[in-house]
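This report describes chain interfaces and salt bridges. The structure is shown first, and the description follows.

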Amino acid sequence: FAQQSDADLAERVRLLEERLGSASANDVTAQQRGGRIQFSSADGNFTARVGGRLLLDSAWYDEDVSAMGEGSKFRQARLEASGTLYRHWSYVFQYDFTGSAEDGIKDAYLRYNNLKVADLPVILSLGNQFLPFGYLGQQSPKYTMFMEQSTASLVLGAGERRLGLRADVLGDRWRWSTAVARAPLGSRATDSNLDDPVDIATQITYSPIQEKGHVLMVGASFRDQSSKGSDTHRLRARPQTHLSPFRPVDTAAFTSDGFNAAGAQLVYQNGPFELEAEYLQQKYDAIQGGPADGEKPEFTGGYVNAGFFLTGESRAYDPRFNVFGAPTPARPLSAGGAGAWQLAASYSTLDLTDESIDGGRIDMAAVALNWYPEQRLRFSLEYGTVLEVDGGPFDGDEPSFVQARAQVEW
Amino acid sequence: FAQQSDADLAERVRLLEERLGSASANDVTAQQRGGRIQFSSADGNFTARVGGRLLLDSAWYDEDVSAMGEGSKFRQARLEASGTLYRHWSYVFQYDFTGSAEDGIKDAYLRYNNLKVADLPVILSLGNQFLPFGYLGQQSPKYTMFMEQSTASLVLGAGERRLGLRADVLGDRWRWSTAVARAPLGSRATDSNLDDPVDIATQITYSPIQEKGHVLMVGASFRDQSSKGSDTHRLRARPQTHLSPFRPVDTAAFTSDGFNAAGAQLVYQNGPFELEAEYLQQKYDAIQGGPADGEKPEFTGGYVNAGFFLTGESRAYDPRFNVFGAPTPARPLSAGGAGAWQLAASYSTLDLTDESIDGGRIDMAAVALNWYPEQRLRFSLEYGTVLEVDGGPFDGDEPSFVQARAQVEW
Amino acid sequence: FAQQSDADLAERVRLLEERLGSASANDVTAQQRGGRIQFSSADGNFTARVGGRLLLDSAWYDEDVSAMGEGSKFRQARLEASGTLYRHWSYVFQYDFTGSAEDGIKDAYLRYNNLKVADLPVILSLGNQFLPFGYLGQQSPKYTMFMEQSTASLVLGAGERRLGLRADVLGDRWRWSTAVARAPLGSRATDSNLDDPVDIATQITYSPIQEKGHVLMVGASFRDQSSKGSDTHRLRARPQTHLSPFRPVDTAAFTSDGFNAAGAQLVYQNGPFELEAEYLQQKYDAIQGGPADGEKPEFTGGYVNAGFFLTGESRAYDPRFNVFGAPTPARPLSAGGAGAWQLAASYSTLDLTDESIDGGRIDMAAVALNWYPEQRLRFSLEYGTVLEVDGGPFDGDEPSFVQARAQVEW
């Protein structure tokens, strides 16, 4: 009887083995991690993800002089595909449907991570991507303390993504990044201006403290943009709210061959507390024509942001690229908790007036309350106020606002 | 010997267990259901789907007075992502590539389904979605009897999706839905009109009969749209065919602060037989300027659609949202059958003439033959005729048409 | 003791069987093949893939007379979904985000492959697709020898995809394809021109040699395009580089009811060596108005391309549709090899001058070096030169260029 049972068991085991027998390096399985579904081949050489995000904003304005309106809109509505190919290659392709045609192409690059120079890993990225310049402009806006960048970072920071080649050399506690890029998508060669500018940026960061939940990072960035021909430039900024088209500071258009820029970055995290600060400046080549003909104006700005997780979380930090991720709530809503709650405060200044260019100076303050019921679900409520607009076309026009965001990604 | 065999078997079982050992709540598997592939985590808390659809239309016109053309086009060409997050949250994001920029964003919302009020489930949906108003405009056009909405539903029904918050309270045999919304995407705050309108709609439905294949539903809807400023309004309709741009009724533009609207809905299904009917009216606030200055015109319309599955199918019905799904052919083509065949007939009327506004009245009739060789593959052939155009800029212009559609989704 | 062990083992086997027990025809699994991840139901009746591609071009010009600029851009940036439904139906939907609205819709069709006529398989495809005309225009540009089509193929070949119905009859060594189509997307019926043209094309191919790595194919194509009204036509061509908008040959706009066209194709592959050549001509119906009134000009062109894989690969060939795929490197980079290296040379001519239409004749030569480190990763470097521009608005304007491409797909 035991023998017969054994034979029966053996046959059942054989059938099980057969059913599992097709497993190979080419089999692809899927896992859920923090709300995202990721596909991966058995040998890990190939991965893929198709995700997306919706950021829905509403804003209400306490206008001063200029009308600002109120309403709702999608701040971002994206699909994205990303993955690994042959272990060492990877790609990202993001499209934002609030843009049109190639304006909507965001991160879109091919990356190769199997190079070493002097025993240091070097990562090459070719395509549409941010320049290695400044700090806030290189963070994912999905997890920043505030819904919008500080005015200084917005106007004098990395700016829009550009088509180019970027190399990141990764040290133990430092990163050195350099990129050579052409024009942002949608503003490339046309019949009237066939030569794209050349934009070179470099950044070095150093992290004397780089532990889990305890980070100190300092960085310096430099950038040079130059055209064969003369390009039209215009610097202006919304007051850290995107719904209203009103921009209190605005240099109006001027013509120049380009500019050089520099910035200093400081980031500190200690558990639930975070601090980030930048100083940025941008100096133009000689202006051609107009009342500022021959002048080389320099624009400057900076900000300090501080945040604190009331519920004690500290955000994960990627030391390779100095990027913070989504907080993981200690007690998420789905586990009967309250989610993660973050309080944040900000001060910023941006001066677009120099020599004969009078764009105005704007000083702002803002506070924010961010709620992450789950790792990648966010609701934000902000109050922002323009402390002062000094000079420029909207001298003294100092509105305030309340704005809110609902954010989902997958 | 039996001992050795046992040890061998035990080892083989251990190996099998090890290979299956990685199974966890985070493992994601995929299933095919009715032609769609759905991903789901082992605990069911996370699901995801990336789908799409192509609706290809051709039309031929028997013109009367105005030229109408002929040809083919994609009526819809969409990708969509949808899924569940942390069991109680879900998202939908549809984009239609026949639109441009944010005009192409269709359903795009975040939903939360874990609320109860007085022991009744309440579903909250935040984002771009239809107002709870009318019946036909809230159905998926993929499975409606006719390729296009009746003129009355098109002009006086739910209209375009709008950004807003919607709450659905679900009773046993009833649903009460309310939404507060702003402008449709692509028509929000601009420099010239910074204030979006506020649009409030509410609907109550009651289903005295709600069995499999046997449904009776009655509903009533109310809506109020108002602007701080004055908005331009224009009501006009294509004659239930979308390829030709000709619109036989058209109020031309007029200015008003808004309108209120009401509608009554009736739906009956008995096996393969379906009947749906609506009456809709929309009354404007005082018109500002022009020959109709100070008037409050009221526009009305309605339709009756009846369908019958010659092959005996009855469509699945979702009693929560009063929505019909795709028919499941009793004998699909892939099983050697003929698929599902549906015959439908329609009568509609829409009157856009009142007081000094003379948009005209249009009466229409149409018949349709729909073939579903498989559950989510559809081919349609329709004949439509304008019975009468009375008044308006195209008084007496009464064309007919034949149109066809091929539809695939995945 | 053995009994107890047996009972224990039996229970463990039962648990394993239970965990595997859910396997059914509806279970969907995923596999990686050549860098792509494909989903498939257990019975193979349903498959799905969501992929994409990025083609990033840079170009530098040695201008002659006209300015050409320089810079970088995405030549293609696409997402695509494709799959099988109910075994015999399939769909493809590609969208290129460098286009806007429906201009960006590329392949988008529903296909049925379960028909036979006289024992021969007939494949029906309904939607947006290439006409069966010419050779190069029906190949995937991802794997062609050169980054751009020859001028003759570009202007006189299949042209843009069009909405229509195509039937492919597949013989043992031959294919006969016919399509009836309307206008390309984005140029369909408008208020001013409501009638789309009707475009009919037919092609027959014969392959006396059709072995693995050894192919000889000859083909002939015919096409007729006609409008009810009169359409505006304009033939012009970039010189096999897409970044600069400069087009050395250009007929300017003329009005005609349509044209008929013909072409002959020859393709030969012998291991790593490939040769492809075409001759194409297009003859217009009587021109209406202007200096060429009443004339019926005929434009002609052709090209010869030859390629050789220095590393010995021969590309896979799909004899059903006469299409070549990506080369599979004999020694890919990921296996420590050098990837596949292909050298190619090209000569082309296109004559857009006939009777009173003087668009000019352009002769070109080009050489290319293509590197495929892995099966679906490509880097290309090309040198192209305009040998002669004879007549037309840019008579004698003969630039040269170097261009490069990085290409990733998934």
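## Strand pairing between chains

The model is a predicted one.

S1(C) is also joined to strand S1 (residues 27-33) of chain B, again by two bridges and in an antiparallel run. Here C:Val28 of S1(C) stands opposite B:Ala30.

## Interface of chain A and chain C

The contact between these chains involves 47 residues of chain A and 50 residues of chain C. About 4100 Å² is buried between chain A and chain C, and carbon and sulfur atoms give 70% of that area. One salt bridge is found across the interface of chain A and chain C; A:Arg182 and C:Glu70 form a salt bridge in which the closest N and O atoms are 3.1 Å apart. Five residue pairs are in polar contact across the interface of chain A and chain C, with both residues at pLDDT 80 or more.

On the side of chain A that touches chain C, the elements giving two or more residues include helix H1 (2-20), strand S1 (27-33) and strand S3 (47-62) of chain A. H1(A) provides the largest share of that side, nine residues. By class, the side of chain A that touches chain C comprises 31 nonpolar, five polar and 11 charged residues.

## Interface of chain C and chain B

In this interface, 47 residues of chain C are in contact with 50 residues of chain B. The area buried between chain C and chain B is about 4100 Å², with 70% given by carbon and sulfur atoms. Across the interface of chain C and chain B there is one salt bridge. C:Arg182 and B:Glu70 meet through their side chains in a salt bridge at 3.1 Å, N to O. The count of residue pairs in polar contact between chain C and chain B is five, both residues being at pLDDT 80 or more.

Strand S4 (71-85), strand S5 (89-96) and strand S6 (105-117) of chain C are among the elements that each supply at least two residues of the side of chain C that touches chain B. H1(C) gives the most to this side, with nine residues. The side of chain C that touches chain B has 31 nonpolar, five polar and 11 charged residues.

## Salt bridges within chains

Over all chains, the whole structure contains 62 salt bridges. One of chain A joins the side chains of A:Asp199 and A:Arg162 at 3.4 Å, N to O. A:Asp199 lies in strand S10 (residues 198-211) of chain A and A:Arg162 in strand S8 (residues 162-170) of chain A, so this pair ties together parts 37 residues apart in sequence. Both A:Asp199 and A:Arg162 are buried. In chain A there is also a network of salt bridges linking A:Arg36, A:Lys142, A:Arg376 and A:Glu409.

In chain B, B:Arg75 and B:Glu148 meet in a side-chain salt bridge (2.7 Å, N to O). B:Arg75 belongs to strand S4 (residues 71-85) of chain B, while B:Glu148 sits in the loop between strand S7 (120-129) and helix H2 (151-156) of chain B, 73 residues apart. B:Glu148 has a relative accessible area of 13% and is therefore buried. In chain C, C:Asp199 forms a salt bridge with C:Arg223, with the closest N and O atoms 2.9 Å apart. This pair links strand S10 (residues 198-211) and strand S11 (residues 214-233) of chain C, 24 residues apart. C:Asp199 counts as buried at 0% relative accessibility, and C:Arg223 counts as buried at 7%.

Technical notes: Residues numbered from 1 in each chain as written. Chains lettered and ligands numbered in written order. Heavy atoms only, no water. Contact = heavy atoms within 4.5 Å. Buried area = accessible area lost by both parts, 1.4 Å probe. Salt bridge = Lys/Arg side-chain N within 4 Å of Asp/Glu carboxyl O. Polar contact = N/O pair within 3.5 Å; in protein donor to acceptor, adjacent residues only side chain to side chain. Helix = DSSP H or I, 4+ residues; strand = E, 2+ residues; numbered from the N terminus. Nonpolar A, V, L, I, M, F, W, Y, C, P; charged D, E, K, R; others polar. Pairing = 2+ DSSP bridges. Buried < 20%, exposed > 50% of the residue type's maximum accessible area, 1.4 Å probe, protein only.
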